[in-house]
Amino acid sequence: MAELQEVQITEEKPLLPGQTPEAAKEAELAARILLDQGQTHSVETPYGSVTFTVYGTPKPKRPAIFTYHDVGLNYKSCFQPLFQFGDMQEIIQNFVRVHVDAPGMEEGAPVFPLGYQYPSLDQLADMIPCILQYLNFSTIIGVGVGAGAYILSRYALNHPDTVEGLVLINIDPNAKGWMDWAAHKLTGLTSSVAEMILGHLFSQEELSRNSELIQKYRNIITHAPNLENIELYWNSYNNRRDLNFERGGDITLKCPVMLVVGDQAPHEDAVVECNSKLDPTQTSFLKVSTLLPGKLTEAFKYFLQGMGYMASSCMTRLSRSRTASLTSAASIDGNRSRSRTLSQSSESGTLSSGPPGHTMEVSC
Ligand code: BEZ
């Protein structure tokens with residue numbers, strides 16, 4: 001009879017019955033790939049079905065990062081450059097992310113039948129509770145661009161207790177006046193919908209430079225198989241109501257807000273006006289020459305830190321990597337008491353942030 005030997009088996013993780021370590025590793029890898037690719041879901045709402053993609057896993061006691069894209073785009077074309085940016089990984093790994101596609105904007109969406117009544121922006125905002133209920137998420141930090149920024153603001157006005165913070169990029173909270181309508185109609189006589197949407201997404205200067213990026217987006221929008229759907233979202237955007245923000249009044253955003261606008265962006269004046277109407281102790285204003293992922297990542301990082309969501313050890317490491325070659329701090333915000341300002345400065349050295357009501361400074 002063969003001699004019996006005592007063998008000590010140490011298992012790091014319990015295996016499923018009959019599962020070899022190799023199979024367990026493969027299953028883990030498959031689960032990770034699935035999470036990294038995002039999981040797409042659809043829910044029915046009173047205004048039709050809406051699709052969204054979830055990346056990462058829910059973290060206890062942390063809000064979900066919840067994005068809403070602009071007209072002419074979907075969640076991927078709008079947010080992939082930011083969320084897949086290198087330095088952003090350290091931030092977003094701490095949060096589950098939910099990226100909504102406005103109805104008919106999801107990849108492979110069929111064209112809506114003729115006469116389909118596309119939801120208004122207010123109705124698109126009213127679809128959000130169905131998504132959060134489905135996922136069982138109670139609070140969010142919203143990140144919206146253009147029409148998406150408007151939708152998230154409307155949602156925050158209606159459900160202030162569920163929104164911990166808002167990053168609003170290129171928001172125009174105003175309804176179109178009759179002058180805007182006249183100009184819009186005139187432009188519509190000579191320009192295609194795709195060109196009008198490009199004029200909404202980019203500054204005239206950017207369009208006339210016709211960089212590779214502009215050509216890419218022109219190509220995406222002009223040849224979109226769901227161009228009819230895009231036009232419906234565009235029409236809803238142009239028919240938006242005024243958000244009616246009033247400083248010190250009842251209709252205002254109650255959470256910390258970071259307003260971001262590109263220098264010479266089509267909505268620069270609207271964002272400046274929006275800043276003047278929001279609570280200065282809760283609002284940061286960031287104007288950047290171009291909306292590059294690096295700048296947004298850094299601003300986002302300090303916005304989250306102001307809300308108490310980024311460990312300072314992580315911040316120190318990230319800050320060091322950004323400022324290794326820079327020297328001392330210099331505030332360039334001359335309006336310290338009025339609002340939090342994220343200032344773009346090539347001279348400023350250290351990166352500092354503070355609680356709402358204080359100046360934040362970002363070197364971009
Ligand atoms: C994310 O990791 O949240 C993400 C990945 C790809 C596209 C958009 C977002």
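**Charges over rings**

I started with Arg240, whose charged end sits over the ring of Tyr237, 4.2 Å from the ring centre. My rule for a charge over a ring: NZ of Lys or CZ of Arg within 6 Å of the ring centre and within 35 degrees of the ring normal. Arg62 also made my list, lying over the face of Phe95 at 5.0 Å from the ring centre.

A note on what I am working with: this is a predicted model, where local features need pLDDT of at least 70, side-chain atom pairs count only at pLDDT 80 or more, and totals for chains, interfaces and linings use all residues. Residues are numbered from 1 along each chain as its sequence is written, and side-chain values use heavy atoms, with hydrogens and water left out.

**Aromatic pairs**

I paired rings of Phe, Tyr and Trp (its six-membered ring) with centres within 6.5 Å, calling planes under 30 degrees apart stacked, over 60 edge-to-face and the rest tilted. That rule gives 10 aromatic pairs. Helices (H or I, at least four residues) and strands (E, at least two) are DSSP runs, numbered from the N terminus.

Are these two tyrosines buried or exposed? Tyr118 and Tyr233 are both buried (under 20% relative accessible area; exposed is over 50%, partly exposed in between, with a 1.4 Å probe and protein chains only). Ring pairs also join Tyr118 and Tyr233 with Phe112 and Tyr116 in a cluster.

**Helix 5 on helix 6**

Next I checked helix 5 (residues 128-135) against helix 6 (residues 147-158): the angle is about 75 degrees and the axes are 11 Å apart. Axes are lines fitted to C-alpha atoms over the stretch in contact, and angles run from 0 to 180 degrees between N-to-C directions. Helix 5 and helix 6 are therefore roughly perpendicular (65 to 115 degrees). Ile128, Pro129 and Leu132 of helix 5 meet Ile151, Leu152 and Tyr155 of helix 6, with contact meaning heavy atoms within 4.5 Å.

**Positive phi**

Last, I looked up Asn136, not a glycine, yet with a positive phi of about 60 degrees. Asn136 is in the loop between helix 5 and strand 5 (140-145), and is exposed at 71% relative accessibility. Gln264, also not a glycine, has a positive phi of about 65 degrees. I found Gln264 in the loop between strand 7 (257-262) and helix 12 (268-277), partly exposed at 47%.

Conventions. Parallel < 35°, antiparallel > 145°, perpendicular 65-115°, else oblique.
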